[in-house]
Amino acid sequence: MKKLLFLLLLVMLLPCNVPAENARGKDGSCMSGQSEMKKIQAGQPHSLVWVVSDSKNGTISYEVAMQDGKLFVERSKGGKKTGIYVHPDLLQDFAACVRECRLEEWADFLEVKKSAGRAGCYVELGFADKRAPVSFRTGDLSALCDEQLARYKKAEKAFFSFADAVLARAEKAQSTVPAITEFFMVLSGPCSNEVYEVYCRLDKTGFVPVARTESGYGTPSVQEAAAADAWIADFARLLDKYQVTGWNGFSESDKDVLDGDSFSMRISYAGGQKVQASGYMKFPDNFAGFRTDVKGLFDRLGLTRDE
């Protein structure tokens, strides 16, 4: 009796995997049985990068990704790159698009080296958790069989259409872009780290300026709030007051000081003007007053740094 129970337990523990065939299945689909692409597991998609290149159309790339807590959509085509931040609510539509792409069905695609004059692609899907990204690369899409190519084209159309629709909506909403489209300043020291940021996000009503702060190291405290037109106007006047555009190109440091304070700053205006400056124990004139006034403006929105 003990031997019988032992045999039953052994059978239950044996693996029941069946080797995949390296030939066409009974339904006529082409199955390779060889792939480095793992099936997508349940979970929130975090990013999707899709790059297609060929000698006729050049390189076209699309990306949707969470970057520092902000959802970013970008397209690069014909040497022109367009990128915007969008409302996080769009993550639901993005997840639906990923499901429509059904990338798990690509598990039978072989990786093929680049062929001259042939269209190739690279696709990578990332997740919000620590799971390894799912990726696919082929240097020659024509190497796929008809059924595989149909699956690929359907997925490509779904993702490209999703991103194109978002960017088209952004083009129609250009009249709502505020005067300052981006402000980013990080202040770092031995015992503190502060980030003050303003960015332009596409919402249902158009582009909306958003103020954001981070404080602390490791897992920082992040706070965010919509910035009204009056607040943005005050912020623009503050930049003019300190003539911040004159700081562009500032880059100085005192290497003799250890564990000192540093800053890094960048600004983008709707007209295309940009300002970039940084320093370590060296700061532009009146920087201390500017720093204090910036903090005061963010305090007005309740984005105070936790002490």
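**Note on a predicted model**

1. At 59% relative accessibility, Gln243 counts as exposed, because the cut-off for exposed is over 50%. The model is a predicted one. Gln243 lies in the loop that runs between helix α4 (229–241) and strand β11 (251–253). Its backbone deserves a look: phi is positive, about 50°, although Gln243 is not a glycine.

2. Met281 is not a glycine, yet it has a positive phi of about 60°. The residue sits in the loop between β13 (274–280) and α5 (287–300). Is Met281 buried, exposed or partly exposed? With 32% relative accessibility, Met281 counts as partly exposed, because that value falls between the limits of 20% for buried and 50% for exposed.

3. The next point concerns helix packing. Helix α2 (residues 90–101) packs against helix α3 (residues 146–172), and the axes are 8 Å apart at an angle of about 160°. Angles over 145 degrees count as roughly antiparallel, so α2 and α3 are roughly antiparallel to each other. Their crossing is right-handed. On the α2 side, the contact is made by Leu90, Asp93, Phe94, Cys97, Glu100 and Cys101. On the α3 side, Ala155, Ala158, Phe159, Phe162 and Val166 take part.

4. A disulfide is a covalent bond between the sulfur atoms of two cysteines. How many disulfides does the structure hold? The count is 0. Cys101 shows why: the nearest cysteine sulfur, that of Cys97, is 4.3 Å away, whereas a disulfide needs a pair of cysteine sulfur atoms within 2.5 Å.

5. Cysteine burial can be checked as well. Cys101 has a relative accessibility of 4% and so counts as buried. Cys200 has a relative accessible area of 8% and is also buried. The cut-off used for buried is under 20%.

6. The last point is about Glu194, which is found in strand β8 (residues 193–203). Is Glu194 buried or exposed? Glu194 is buried, at a relative accessible area of 8%. Its side chain is joined to that of Tyr196 by a polar contact of 2.7 Å. Glu194 and Pro220 are 26 residues apart along the chain, and 9.2 Å separates their C-alpha atoms.

Notes:
Residues numbered from 1 in each chain as written. Predicted model: local features only at pLDDT ≥ 70, side-chain atom pairs only at ≥ 80, totals over all residues. Heavy atoms only, no water. Buried < 20%, exposed > 50% of the residue type's maximum accessible area, 1.4 Å probe, protein only. Helix = DSSP H or I, 4+ residues; strand = E, 2+ residues; numbered from the N terminus. Polar contact = N/O pair within 3.5 Å; in protein donor to acceptor, adjacent residues only side chain to side chain. Axes fitted to C-alpha atoms, helices over the stretch in contact; angles between N-to-C directions. Parallel < 35°, antiparallel > 145°, perpendicular 65-115°, else oblique. Left-handed = near helix turned anticlockwise from the far one by under 90°. Contact = heavy atoms within 4.5 Å.
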